[in-house]
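I am opening a notebook on this structure and will write down what I look up, step by step. My first topic is the place where the chains meet.

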Amino acid sequence: MELAITTYLSLDNSTLKKDGEVIFENSENETLLNFLKTIYKTRIGEYPKFHKMDVLSKVATILCSELVEQKVLTQNTDQYAMIFANAISSKTVDKAFQASIENSNASPSLFVYTLPNICVGEVTIKNKWTGDSIFCIQEKFDFDFFNEQIISMNIQQENSHYICAWINDDNEKLDAFLFLVEASSEKNLTLPFSKESLINIYNSK
Amino acid sequence: MLVYLSHEHIISPLGKGSAVHFDEIKSNNIALKLIDNKTLGKVIPVGKLPENVTFNLLLTDLLSFYIDQIGLATLNDTKTKLIISTTKGGVEQFDTTSILGNINSVFDSLHITNKATVISNACVSGVMGINLGSNLIRSGAYNHALVIGLDIITDFILKGFDCLFALSESFCRPFDKDRKGINLGDCGAGVFISNDKKIAGDDSVLHTGGSSANDANHISGPSRTGEGLYQSISKSMKQAQISAQEIDFISAHGTATLYNDEMESIALTRHHMNSIPLNSFKAYFGHTLGAAGVLETNLSILSMKRNQLIASLNFETQGTSEQINVITTNSSQQVNTVLKTSSGFGGINSTLIVSKWN
């Protein structure tokens with residue numbers, strides 16, 4: 001089966017882009033957390049759970065919700081497989097939870113987010129996606145990694161879409177990139193799921 | 001294509017080697033001991049390896065076993081997949097160390113040149129790792145895979161589960177009506193996966209199916225209906241092309257929290273698996289997090305090889321709303337096919353099925 005990348009999103013401290021085009025800018029030069037909050041208020045409907053999430057989960061929620069809002073993806077399905085990764089695991093929350101222990105005030109709401117796969121869980125809950133998923137820690141954004149996960153999850157050929165995301169939040173410097181992989185059809189042949197095209201769109205984000 | 005599981009290995013406070021562990025727990029020996037934890041300010045059961053055993057040392061020990069058994073050349077072959085399953089990866093200094101930093105330094109010291117795929121998927125990481133390795137071999141992308149699951153219980157982890165009120169101050173009692181939460185334990189476990197029967201050996205078993213599904217319900221509590229676990233079991237059975245009647249034994253997740261064990265009983269009932277003998281190994285080792293899926297799959301493989309079922313320790317009185325067949329005494333019986341289940345934070349459920357090939 002030939003696979004194609006049918007859309008992609010990127011988010012860093014300054015811009016949210018879809019298919020390489022800027023769709024939202026940090027024009028007020030806000031901190032990362034405030035920028036994420038502004039995107040949430042502007043582009044996602046009411047979802048109070050957003051405020052208690054860690055950065056990984058907020059970013060995952062923003063990116064996936066964007067595709068739902070734009071009707072690229074639908075809610076309530078078991079047909080999507082989610083492949084999420086980053087390099088630093090949940091380091092930001094780990095440090096915050098460690099500090100809460102040292103202050104004799106261990107926070108259960110922080111501890112839960114010290115598991116990096118919680119960001120996938122948050123996305124599944126918001127969108128009622130009950131399919132397969134995995135969270136891995138990898139040195140860098142890498143075609144071979146995503147390709148292998150798709151090969152493994154495609155064994156039973158039950159997934160319509162692979163939602164692939166790299167969300168690295170290192171010292172408040174965000175590098176997030178989400179791309180959608182589907183079986184190719186005449187409509188979406190423009191961007192095959194290949195090392196060359198993936199690295200190309202990731203580097204030009 | 002047949003996918004063989006072999007060379008099971010376990011390191012825990014009970015010792016080293018999978019057969020050793022099976023014999024120890026058959027004799028009711030457990031890895032858990034009451035420990036006075038200063039950070040928590042209380043005495044609780046914990047399965048601790050000697051204090052000098054760090055994550056890196058444990059990983060070194062596990063990989064050295066496979067270098068000895070399988071050979072460095074095979075582990076470094078481009079058609080061999082290395083998979084590490086862990087939740088916190090031994091990170092203790094959050095400013096200066098990282099999971100990948102720890103793993104890479106061990107790989108370098110052992111001259112392992114292949115890069116590992118590191119799965120950090122809460123308590124299902126181990127089962128997920130075995131499924132990933134098996135499916136990559138099934139696809140033809142790889143010939144072999146080595147899956148290592150490991151975690152060391154730090155004060156960070158103890159404090160985390162304590163502030164969630166998930167820790168039991170007594171020895172945990174999976175599926176029992178008096179269960180009061182989990183115990184935690186150190187462990188490292190490995191399994192080799194291959195398409196080559198000669199390397200796997202005559203006493204290998206087959207991985208016939210495995211899958212994951214999300215509850216999409218709550219990040220730190222299981223679904224009331226067991227939906228994700230139910231779906232994962234359905235998908236794994238479909239891949240293995242078996243029905244519930246063909247399963248001889250279920251190695252359940254059985255953490256001994258109120259909600260987890262209840263959820264499992266509901267999901268299994270929905271599959272009409274109430275009469276299949278079932279246990280939780282958690283009362284022997286505690287919850288070993290990233291290692292649990294590999295540890296418990298390995299013990300299940302031992303059950304198949306020996307045709308012996310191990311009791312679910314500390315279970316006395318049915319404590320779930322659905323009646324399930326929790327094993328109360330060790331017994332000998334034919335064990336040809338096993339279902340291993342796991343469920344974790346985030347609402348993820350992973351299961352796998354192993355069968356004898358001869």
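Entry 1, salt bridges. I began with the interface of chain A and chain B, where the rule finds 5 salt bridges. I keep in mind that this is a predicted model. The pair I looked up by name is Lys95(A) with Asp95(B), a salt bridge whose closest N and O atoms are 3.1 Å apart.

I then looked up polar contacts across the interface of chain A and chain B, and noted 19 residue pairs, both residues of a pair being at pLDDT 80 or more.

Which residues of chain A lose the most area to chain B? I found Phe111(A), Ile137(A) and Glu148(A), which together make up 15% of what that side buries.

Entry 4, a strand pairing between the chains. I followed strand 5 of chain A and found that it pairs with strand 6 (residues 116-119) of chain B, in the antiparallel sense and over 2 bridges. Ile137(A), already noted for the area it loses to chain B, has Val118(B) as its bridge partner in that strand of chain B.

I located Ala87(A) in the loop between strand 4 (80-86) and helix 3 of chain A. Is Ala87(A) buried or exposed? I recorded a relative accessible area of 17% for Ala87(A), so the residue counts as buried, the cut-off being under 20%. Setting aside residues up to four places away in sequence, I saw that Ala87(A) touches Ile137(A), Gln138(A), Glu139(A), Trp166(A) and Asn168(A), and also Leu100(B) from the other chain.

I found Thr87(B) in the loop between strand 5 (80-85) and helix 4 (99-109) of chain B. Thr87(B) is buried, with a relative accessible area of 3%. Beyond its neighbours within four places in sequence, Thr87(B) is in contact with several residues, among them Leu115(A), Ile99(B), Ser120(B) and Asp151(B).

Why is strand 1 (residues 4-12) of chain B described as largely enclosed by the rest of the structure? I noted that 9 of its 9 residues are buried, and therefore the description holds. Strand 1 of chain B pairs in the antiparallel sense with strand 9 (residues 187-194) of chain B over 6 bridges, and there His9(B) has Gly190(B) as its bridge partner. With strand 10 (residues 205-214) of chain B, strand 1 pairs in the antiparallel sense over 2 bridges, where Leu5(B) is partnered by Val205(B). Lastly, I noted that a hairpin of 2 residues joins strand 1 to strand 2 of chain B, and that Ile11(B) stands opposite Lys16(B) in strand 2.

Technical notes:
Residues are numbered from 1 along each chain as its sequence is written. Chains are lettered from A and ligands numbered from 1 in the order in which they are written. This is a predicted model: local features need pLDDT of at least 70, side-chain atom pairs count only at pLDDT 80 or more; totals for chains, interfaces and linings use all residues. Side-chain values use heavy atoms; hydrogens and water are left out. Buried area is the accessible area (1.4 Å probe) that two parts lose on being put together, summed over both. A salt bridge is a side-chain nitrogen of Lys or Arg within 4 Å of a carboxyl oxygen of Asp or Glu. A polar contact is a pair of N or O atoms within 3.5 Å; within protein, one must be able to donate a hydrogen and the other to accept it, and residues adjacent in sequence count only if both atoms are side-chain atoms. Two strands pair if DSSP finds at least two bridges between them. Buried means under 20% relative accessible area, exposed over 50%, partly exposed in between (1.4 Å probe, protein chains only). Contact means heavy atoms within 4.5 Å.
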